[in-house]
Amino acid sequence: MSHPIAPLVIRGQVITDNLIEVGGRGGDLTFLTPDANQYIDKLPLSNPAKLGDLYALSFEDILDYCEALGERLEFSQNRYLQEACELSYRTAPTTPTIVRASYMGLKHLLNRETIREMAEKTVGIRYLEGWVKETLLDGTELEVRCFGARTLHIVAGNAVSLSLWTIIRNMVLRSDAIIKAPSNDPFTALAIARTMIDMAPQHPLTRHLSVAYWKGGDQAFEQRLYQPQNMEKIVAWGGFAAMKHVTQYIQPGLELISLDPKRSASIIGQDTFASAASMREAAVRLAADIGAINQKGCVCARVVYVQSGTDEDGLERLNHFGGLVYEALLNLPNVLSTTPKRYEPRLKAEVDALRLDDEWYKVIGGKHGEGAIICSQLPEPVSFSASLDDRTANLVPVDSLEEMLAAVDAYTQTVGIYPESIKDQLKDVLPLYGAQRIVSLGYAAAMKFAAPQDSIEPMRRMGKWISNQIAAPETSPAPWLRPSI
């Protein structure tokens, strides 16, 4: 059987020459792709002045393009997305129903008003459209504008939408993007780029997007490409090793915007146990936060602190609640969560070992690789909590909400909270310990374009913020007119 081809796209040109054989993550798929080393001189936008064509576009022009692209990304009519979806069944960390639903949902990210809201909330459209002037206290007139940059995006492959999210950010900022496709999703960004080329091959937004695959860690290649004369910013998603690797290339003139690995948690307050109805609601919401995209996202809940109490009655409440969560997990829509593609063997071994220790842990499910709920019988998470995955979560009993604060640190991204009434006593404290995002339980995977991410504002960081000072002796104190001492 012939191997599929992942072309190289460089600013409107689709390249299928100089093919080499590479393997997707996990060894499930071998594909062909152009040897990026043969095109390293073409990948960077060598002359920054070539960004100028993007500034002939108004923000409304950009929205028009996004809206038209959204229509072209209708899954049932887009052969590139269909091909990418079929191939991604083998490379993606999630199962076919989740993968397919993700591809079918891409067009919705290009909603005109959603993008307008994102641009306004994260940057401010007026800063994208021109110089914003104000007069300072000393009479100086200050103009500020946000410009685009030449940017390399090292995209994560645990969610199909990340490639399109990256492309949208690039278009809004009027930047030039090189997307390094990940080994577990080498086809999505290419499918979108090829759709853009078919739609508007000469459009500036089409001609400022490149997509390439090369094996991460190719230092000879990366040392040549990752240079300030080629790019100004690197936006990197990925695991700990990948982030450590890319930092070696950072130098003056080349900025790293790090969207690095995180863990997420949940907090279940004592009022949850006031009624059977509130327990069932919390269980369904928590199951959604655990199971979304089969727990492959940083946003997914892993350790859950439950204010059930730690006495005998409290543990009984905890274990009953754990059973409700497990039941809800098994009944999530298959576009959101399914039995995992492959249950990580080391994790399963750890979970199975806990079954023998029923004095300290109660394990619900997990015998068939479908996911499990581990109910600690003491107020401590399991020793392997950092490795929880594949719809496996750990419920930890506590007597007070303050007990779990020490478990929050700089690696804590999202904290889902139930009931809503306890948010006010937590939302000003959790960030002091490191929590970066607080959400209503059940909405962890509902990431918002308009919100900060990982406690930074990536859109603002991805732009170049330029100032222009306008001053004259008649309006502002002149340094050369200061009296001598």
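Visitor: Where does Pro419 sit?
Guide: This is a predicted model, so let's go by its secondary structure runs. Strand β17 covers 412–418 and helix α13 covers 423–426. Pro419 falls in the loop between β17 and α13.

Visitor: What is the omega of the peptide bond that joins Tyr418 and Pro419?
Guide: Most peptide bonds are trans. The bond from Tyr418 to Pro419 is cis instead. Its omega is about -5 degrees.

Visitor: Is Lys423 buried or exposed?
Guide: Lys423 is found in helix α13. Its relative accessibility is 13%. Buried means under 20%, so Lys423 counts as buried.

Visitor: Which side chain makes a polar contact with the side chain of Lys423?
Guide: Leave aside the neighbours within four places in sequence, and Lys423 is in contact with Ile417, Ile438, Val439 and Ser440. The polar contact between side chains spans 2.9 Å. The partner of Lys423 there is Glu420.

Visitor: What is the phi of Ile293?
Guide: Most residues other than glycine have a negative phi. Ile293 isn't a glycine, yet its phi is positive. You'll find Ile293 in the loop between α10 (276–291) and β13 (301–306), with a phi of about 40 degrees.

Visitor: Does Ser455 count as buried or exposed?
Guide: Ser455 is in the loop between β18 (437–440) and α15 (458–462), and its phi is positive too, near 65 degrees. Its relative accessibility is 53%. The cut-off for exposed is over 50%, so Ser455 counts as exposed.

Terms used. Residues are numbered from 1 along each chain as its sequence is written. This is a predicted model: local features need pLDDT of at least 70, side-chain atom pairs count only at pLDDT 80 or more; totals for chains, interfaces and linings use all residues. Side-chain values use heavy atoms; hydrogens and water are left out. Helices (H or I, at least four residues) and strands (E, at least two) are DSSP runs, numbered from the N terminus. Buried means under 20% relative accessible area, exposed over 50%, partly exposed in between (1.4 Å probe, protein chains only). A polar contact is a pair of N or O atoms within 3.5 Å; within protein, one must be able to donate a hydrogen and the other to accept it, and residues adjacent in sequence count only if both atoms are side-chain atoms. Contact means heavy atoms within 4.5 Å.
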